[in-house]
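Morning, everyone. Let's talk about pockets. Please have a look at the model first.

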Amino acid sequence: ISIKPTIIGIKNVTEHAGATTLTYILKRELATVFGQQNIVAIEVNSKDFSAFNEKNMFSTTSANLKKTIADHSNATIMLLDLNDLGDDSICDDIIYLIEPSIMMLNKLIMKNRDIFTVLKGKKVILNQSLLLNSDVSDFEHEAGISVFYNMPALDERKRNGIVNDFLSKLGLFNNTSNSNSNKIFGLFRR
């Protein structure tokens, strides 16, 4: 019996919202739980992953994406940095990243006034966020969407306890043993 890997797409909604770095951080954390060989990250139509110099991180084009996925179908979890990929139906789940600075939000709305209607009901992550709970509530009210997670700026050089909480909320693993680590992040909304 062939088991299909879980494919999680990660897509920037605002420019430079951090999909590439977040993909790297999630891959690294998942590898500590599932093993390096079981986690694969693939970026589409870019070559930024080469800067991480990390195993099981691959770059491909839209045209070769299905082949790249098939080549690594023994993985448990695949993370796809979607970039400008139009057809994301290959993903089991997609997270949409918004960097909630005033400039990035205003640029986003100037580009697409209906973006928050499009994002309604989707897993929206405020990434590289400095917002507090009250700010997130205001954002949700003004945008008319729910925020799935408020992810602070992370140091990609070290492990971050909040990443485990996020992966647990995504349903990728149980984080009960680590529930009290990094209490400073208890300020951020889950």
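I'll start with the second largest pocket, which holds about 240 Å³ of space. A pocket here, on a 1 Å grid over the protein atoms alone, is an open set of points where a 1.4 Å probe fits, with protein on both sides within 12 Å along at least five of seven lines; lining residues have an atom within 4 Å of a point. Volume is the space filled by probe spheres set on the points, joined across faces, edges and corners.

A word on the source. This is a predicted model: local features need pLDDT of at least 70, side-chain atom pairs count only at pLDDT 80 or more, and totals for chains, interfaces and linings use all residues. Numbering runs from 1 along each chain as its sequence is written, and side-chain values use heavy atoms, without hydrogens and water.

Which residues line that second pocket? Among them are Leu105, Phe116, Asp138 and Phe139. Helix H5 (133–143) and H3 each give two or more residues. H5 gives the most, with five. (Helices are DSSP runs of H or I, at least four residues; strands are E, at least two; both are numbered from the N terminus.) The lining divides into six nonpolar, one polar and three charged. Ala, Val, Leu, Ile, Met, Phe, Trp, Tyr, Cys and Pro count as nonpolar, Asp, Glu, Lys and Arg as charged, and the others, Gly among them, as polar.

Now the largest pocket. Its volume is about 390 Å³. Of its 18 lining residues, Lys11, Asn12, Val13, Thr14 and Asn83 are the closest to the centre. Strand S1 (6–12), helix H3 (102–111) and helix H4 (115–119) each give two or more. H4 gives the most, with three. This lining has seven nonpolar, five polar and six charged residues.
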